[in-house]
Amino acid sequence: MNEKGEHILYHEHIRIPATLEELHHVYSWADEHLNQTGIADSKRFDIMLALSEAVTNAIRHGAVTGDSDFVDIDVKISDSAVYISVHDYGRGFVPEAVPDPTTTERLYVPNGRGVFLIKNLADDVRYDFSEEGTTVNVKFEVTRE
């Protein structure tokens, strides 16, 4: 996952309080910028869903001290890709250990689909874990309408 050498059309970083009430602000912010790019509607929907899941996971699972925590979101749009980075201050997890939500016993469990959705919607997903927290880096290859 590398944007070196690519022409970056848009780049912005935002920090939000780690509360689910902020999710609609993130969604509106990203939708506004993605709408201006000419990316196909179906791909924009995939990007928005993955972003929403990544931020929700950061808020629900990465908030260490609750309401005083923040989630950092970085979005870069190039000629050929959209890069999303979501950082929280939690300890992390083992992505491979997250249960498959498509198994019979998990089909009706009301949560646990975020990691699965991100992995299946994006072209590349990487998790970075450090003492400073957890970062999910997601890449979507795009074409213009």
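Me: What radius of gyration does the protein chain have, and what would a compact globule have?
Reply: With 145 residues, a compact globule would have a radius of gyration near 15 Å, and the protein chain has 15 Å, so the two agree. The radius is taken over C-alpha atoms, and the globule rule is 2.2 Å times the number of residues to the power 0.38. Keep in mind that this is a predicted model: local features need pLDDT of at least 70, side-chain atom pairs count only at pLDDT 80 or more, and totals for chains, interfaces and linings use all residues. Residues are numbered from 1 along each chain as its sequence is written, and side-chain values use heavy atoms, with hydrogens and water left out.

Me: What box do the C-alpha atoms fill?
Reply: Taken along the principal axes, the box is roughly 40 × 40 × 25 Å.

Me: How many helices and strands are there?
Reply: The protein chain has three helices and five strands. These are DSSP runs numbered from the N terminus, with helices (H or I) of at least four residues and strands (E) of at least two. Along the sequence, the pattern reads β-α-α-β-β-α-β-β.

Me: Is strand E5 largely enclosed or open?
Reply: Strand E5 (residues 133-141) is largely enclosed by the rest of the structure, because eight of its nine residues are buried. Buried means under 20% relative accessible area, exposed means over 50%, and partly exposed is in between (1.4 Å probe, protein chains only). For the protein chain, 43% of the 145 residues count as buried.

Me: Which strands pair with E5?
Reply: Strand E3 (residues 81-88) pairs with E5 in the antiparallel sense over eight bridges. Strand E4 (residues 124-130) also runs antiparallel to E5, joined to it by seven bridges. Two strands count as paired if DSSP finds at least two bridges between them.

Me: What joins E4 to E5?
Reply: A hairpin does, through two residues.

Me: New topic: what does Leu-121 touch?
Reply: Leu-121 is in helix H3 (residues 114-121). Leaving aside neighbours within four places in sequence, Leu-121 is in contact with Asp-46, Leu-49, Ala-50 and Phe-140. Contact here means heavy atoms within 4.5 Å.

Me: And how do contacts look over the protein chain, counting residues at least 6 apart in sequence?
Reply: Of those contacts, 68% join residues at least 24 apart.

Me: Where does Arg-15 lie, and what is around it?
Reply: Arg-15 lies in strand E1. Not counting residues up to four places away in sequence, Arg-15 touches Phe-70, Val-71, Asp-72 and Tyr-89. Arg-15 and Asp-72 are 57 residues apart in sequence, with their C-alpha atoms 4.5 Å apart in space. Arg-15 counts as partly exposed, with a relative accessible area of 48%.

Me: What about Leu-9, which is found in E1?
Reply: Leu-9 is in strand E1 (residues 8-17) and counts as partly exposed, because its relative accessibility is 44%. The C-alpha atoms of Leu-9 and Val-82 are separated by 9.9 Å, and these residues are 73 apart along the chain.
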